[in-house]
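This briefing goes with the sequence and structure shown below. The points are grouped by topic.

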Amino acid sequence: MSLVEIKNLKVHYPIRSGFFNRITDSVNAVDGISFNIEAGETYGLVGESGSGKSTTGKSVVGLEKVTSGSIMYKGKDITKKANRKSLDYNHDVQMIFQDSLSSLNPRKRIEDIIAEPLRNFEHLDKDSEKLRVLQLLDIVGLDADALYKYPHQFSGGQRQRIGVARAVATNPKLIIADEPVSALDLSVQAQVLNFMKKIQREFNISYLFISHDLGVVRHMCNNIAIMNNGRLVEIGTRDDIYNHPMHIYTKRLLAAIPETNVSQRAEHRAQRLAVEEVYREQQDKYYDKDGLAYPLVQITPTHSVALPEALAEQLKHEGEVQA
Ligand SMILES: Nc1ncnc2c1ncn2[C@@H]1O[C@H](COP(=O)(O)OP(=O)(O)OP(=O)(O)O)[C@@H](O)[C@H]1O
Ligand SMILES: [Mg+2]
């Protein structure tokens, strides 16, 4: 049994319009996705803006109402509130939010921000609480004088670390990390990612690591799901996704990873344009008549891709010939 098993999850937002404010349509932000997260692993969820990543993350922590499907945690469906209670779910599962400035209360001092989950769940005495907050600041590499400051007095990178400290305060089993480093400079990104890895090893945390950037995910995740317009187009190990991508959308995301080696930039640009060209020409083959991704077809025990059976067979065969 995996730590988390997401089955056919759907989150549809109603669109209301007209004089009577009736529901006339819906945004299918998450449209039937399934994947599993193992204990202690970092699972990558990757896709462009608007593909439904944050909505997925929020439904896993219980902040978003699920339209249908199930989210099993330790074998129990936590879309049901009674199960969340009995499992201590809100204690075990925390979230690092995409936007650190708006997710930290501007009128609260850092001490109170980080202590909040402790006050909700652990009820420590004043001294033990302070000690724990100081330990947490130390874990994320901030000085003790941060205690009495407010969020706006920190840089983006420091604020993101405060978000990490708050998320790990209760020793959670699972952290939903929604674009935890996207707003940061490259150098600071590496620092925060290293913190996250370090505390993962120390506390055996699982992450659902949400990102639009396959470059960052490569360093963090062993298993990856590629999300496109509410659906998953490809699931696989790091090797499957980076070395044997099959869906045209995955290939396009891979081509969009910035090339850091200056001498190879021209070649990389040419490659990216070629992938874009193929994407424009062959798009119809990869999506159904409504422009949506097909159901996933299993290619190997670890690798699945959203393609019509015939095309999957053909690409699989071409892959075997190349290999
Ligand atoms: N409360 C809401 N009501 C209606 N539509 C919503 C709501 N929240 C999100 N959406 C829509 O659902 C879709 C998915 O949004 P979501 O925030 O999950 O995307 P995302 O992959 O996290 O994007 P980004 O990379 O920009 O953060 C978008 O089309 C968005 O406009
Ligand atoms: Mg998002």
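**Helix 8 and its surroundings**

The buried residues of helix 8 pack against helix 6 (126–139), helix 7 (156–168), strand 7 (174–178), strand 8 (206–211) and helix 9 (214–220). The model is predicted.

*Helix 8*

- Helix 8 covers residues 186–203, which makes 18 residues.
- From its first C-alpha to its last, helix 8 reaches 26 Å, close to the 26 Å expected at 1.5 Å a residue.
- Four positions of the helix are named as buried: Gln189, Val192, Met196 and Ile199.
- Viewed down the axis of helix 8, these buried residues fall within an arc of 105 degrees, so they line one face of the helix.
- An α-helix has 3.6 residues a turn, so residues three or four places apart point the same way.
- The face turned away from the buried side of helix 8 carries exposed residues, namely Leu186, Ser187, Asn194, Arg201 and Glu202.
- Asn204 follows helix 8 and has a positive phi, near 50 degrees.

*Strand 9 and its partners*

- Strand 9 runs parallel to strand 3 (residues 42–46), and 4 bridges join the two.
- In this pairing, Gly44 stands opposite Ile224 of strand 9.
- Strand 9 runs antiparallel to strand 10 (residues 231–237), and here 6 bridges join the strands.
- Asn228 stands opposite Arg231, a residue of strand 10.
- Strand 9 and strand 10 form a hairpin with 2 residues between the strands.
- In that hairpin, Asn229 takes a positive phi near 60 degrees.

*Shell around ligand 1*

- There are 13 residues around ligand 1, and Tyr13, Ala29, Ser49, Ser54 and Thr55 come nearest.
- Strand 2 (22–37) and helix 1 (53–61) each supply at least two residues of the shell.
- Helix 1 gives the largest share of the shell, 3 residues.
- By class, the shell around ligand 1 consists of 3 nonpolar, 9 polar and 1 charged residues.

Methods
Residues are numbered from 1 along each chain as its sequence is written. Chains are lettered from A and ligands numbered from 1 in the order in which they are written. This is a predicted model: local features need pLDDT of at least 70, side-chain atom pairs count only at pLDDT 80 or more; totals for chains, interfaces and linings use all residues. A residue is near a molecule or strand if its C-beta atom, placed from the backbone, lies within 6 Å of it. Ala, Val, Leu, Ile, Met, Phe, Trp, Tyr, Cys and Pro count as nonpolar, Asp, Glu, Lys and Arg as charged, and the others, Gly among them, as polar. Two strands pair if DSSP finds at least two bridges between them. The expected span of a helix is 1.5 Å times one less than its number of residues. A residue is buried if 20 or more other C-beta atoms lie within 10 Å of its own, exposed if 12 or fewer, and partly exposed in between; C-beta atoms are placed from the backbone. The arc is that of the directions from the helix axis to the C-beta atoms. Two residues are in contact if their C-beta atoms, placed from the backbone, lie within 7 Å.
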